[in-house]
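Visitor: Please put the structure up. I would like to go through some of the side chains one at a time.

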Amino acid sequence: MKKNLFKLLSMALVVCMVLSLGGTAFADDLTSGDKSKVQWSGTDIDYTPGDGEVNIQWVNEGVSINNDTDNDASITVNGNVTQSGSGTMTYVVAVYSESFGTGESSIVVNGNVKAENVNGPSYGVYTDSQDGNASSEINGNVDASSTDGGVCAVYLGTREAGSAKAQLNGDATAASTNNEAYAVCVNANGDGEVNAEISGDATAASTKFKAYAVWVSLHNNSKVNAEISGDATATSTEDDAYAVYVEGYDNSETNVQVQGSASAEGKDYVAGIYVEGYGESTSNVTVGGDVSSSGDGACVYFDTNTAKINLVIGGTLKNSSEYEQEAPLYVAACWDNEEDEKNLGVTVWQIEPSQNGDYLLCENYGDLDEETVANAILSAINYIIKTNDEEGKSSLEGVTEVAGYQTAHEGDTVTVRAAEGYTLNSVKNDGKEIELVKQADGSYTLFVPVGGGVNLILDLSAIVAENPE
């Protein structure tokens, strides 16, 4: 089984400021070695740096809250935050918001965040909660890098019933030379909930180790909502690469949405989308554009009796690998009967066959033979039927709405006809060649081809009523 299990980098984070109530505002940029004036907006603060100044030269965190009380704590930085490590620093974190108690920890940075290190890990924004609420809002880009250490641009975690939220109005970028790189990393446990909103791209790159644009691991009733408004891109020169990587266990629920495209380039194990699901978990991954990789386009491992996985791809699913064991869609599971396929949902506009001509490869560890399982999966794929009509001048018949798309299965008959008051002059498909048959009533019919790819260009005109004499 092409299964890649690994442990997230362990972190023994030291906290530099403990706040229980009130807030802090930094007026200027924060950079390692600087002493920045602090203007306190709150009145009840358990800990205050001496003389109203904070010196971040000798600590690992740039801006940090570790709130273990029932009260709220907040920091606002009206500028950029840069945290740089030297050879003696084991790790660096530019923005660190954590809540151990039931209170809220909140950090807002109205600028860019940058974390850079040499020998140890580097974290741009680290948001973590146990019982309370921890949040980070960055109105700029987040960049994290390290030569030898693991890198994570945006990290979110929960351990019990707390919540963690990160809102980034910019790009998340992670780069490491000799270790792993994560642009967005989520590790949720307990009954906690994580929400991540990235308005830009999520990009991870590593030279010698693994790269993950979006990495999610959930356990024990946890829930994650992650939305990337741009593209998710992962590249590794010598190791694994995943644009979207999800592990769901124990009644967890994952919702990952990439509005742009998801792409991964690397060696060994590579996938545009990789999902593992076990133990009553639900994993929903949506990509608005294309999904591509130099390995598997989308790779799924799951327990068909307990887990549910839904993949929605608004564009083309494809891979560029020459290996016979990799395909645009790869599924490994345990099917004992054909009904087990109901827990796997695949909605896609088009699947391009691999260089070996495969649309799907599957491994089955149950009673059914793999050819039967493959046919069941392929026949259940929802292919998106697109048209250029955005004004309701036409209608489609023989389609079913799935995830907001009009879809049909391979071999289904789809009919397109003009709405009342319009004439359908002609229809052609933008892309692969599809036979379109004009009917006596002026409508057109087609059979959904293998791999989908229906994008109808309709020539419609309004019917002009004749003037009565």
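Visitor: Let's start with D239. Is it buried or exposed?
Guide: D239 counts as buried, with 14% relative accessibility. Buried means under 20% relative accessible area, exposed means over 50%, and partly exposed lies in between (1.4 Å probe, protein chains only).

Visitor: What am I looking at, and how are things counted?
Guide: This is a predicted model, in which local features need pLDDT of at least 70 and side-chain atom pairs count only at pLDDT 80 or more, while totals for chains, interfaces and linings use all residues. Residues are numbered from 1 along each chain as its sequence is written, and side-chain values use heavy atoms, with hydrogens and water left out.

Visitor: OK. Which residue forms a salt bridge with D239?
Guide: K210 does, and the closest N and O atoms are 4.0 Å apart. A salt bridge here is a side-chain nitrogen of Lys or Arg within 4 Å of a carboxyl oxygen of Asp or Glu.

Visitor: Where do K210 and D239 lie in the chain?
Guide: K210 lies in the loop between β19 (202–206) and β20 (211–218), and D239 in the loop between β22 (232–236) and β23 (241–248), so the pair ties together parts that are 29 residues apart in sequence. The strands are DSSP runs (E, at least two residues; helices would be H or I, at least four), numbered from the N terminus. K210 is buried as well, at a relative accessible area of 14%.

Visitor: How many salt bridges does the structure hold?
Guide: It holds 7 salt bridges. One of them joins R159 and E98, with the closest N and O atoms 2.5 Å apart. R159 lies in the loop between β14 (151–158) and β15 (163–168) and E98 in strand β8 (residues 92–99), so this pair ties together parts that are 61 residues apart in sequence.

Visitor: Is E98 buried or exposed? What about R159?
Guide: E98 is buried, with a relative accessible area of 4%. R159 is partly exposed at 34%.

Visitor: Which residue pairs with R417?
Guide: R417 forms a salt bridge with D441, the closest N and O atoms being 3.0 Å apart. R417 counts as partly exposed, at 24% relative accessibility.

Visitor: New topic. How many aromatic pairs are there?
Guide: The count comes to 15. Rings of Phe, Tyr and Trp (its six-membered ring) pair if their centres lie within 6.5 Å; planes under 30 degrees apart count as stacked, over 60 as edge-to-face and the rest as tilted.

Visitor: What kind of pair do W215 and Y245 form?
Guide: Theirs is stacked, at 6.4 Å centre to centre with 10° between the planes. W215 lies in strand β20 and Y245 in strand β23, so the pair ties together parts that are 30 residues apart in sequence. Both W215 and Y245 are buried.

Visitor: And what about Y249 and Y278?
Guide: Their ring centres are 5.6 Å apart and their planes at 20°, so this pair is stacked. Y249 counts as buried at 18% relative accessibility, whereas Y278 counts as partly exposed at 22%.

Visitor: Which rings make up a cluster?
Guide: Ring pairs link Y182, Y212, W215, Y242, Y245, Y274, Y301 and Y330 into one.

Visitor: Which residue lies over the face of W349?
Guide: K386 does, at 4.7 Å from the ring centre. For a charge to sit over a ring, NZ of Lys or CZ of Arg must be within 6 Å of the ring centre and within 35 degrees of the ring normal.

Visitor: Why is strand β32 described as largely enclosed?
Guide: Because 8 of the 8 residues of β32 (residues 344–351) are buried, the strand is largely enclosed by the rest of the structure.

Visitor: In which sense do β30 and β32 pair?
Guide: Strand β30 (residues 308–319) pairs with β32 in the parallel sense, over 7 bridges. Two strands pair if DSSP finds at least two bridges between them. β32 also pairs with strand β34 (residues 382–387) in the parallel sense, over 2 bridges.

Visitor: Last one. Which residues touch the most others in the largest nonpolar core?
Guide: Of its 97 residues, V95, V113, I273, F302, L329, V331 and L344 do. Such a core is a set of buried Ala, Val, Leu, Ile, Met, Phe, Trp, Tyr and Cys residues joined through side-chain atoms within 4.5 Å. A second, separate core of 21 residues includes V93, Y123, Y242 and Y330.
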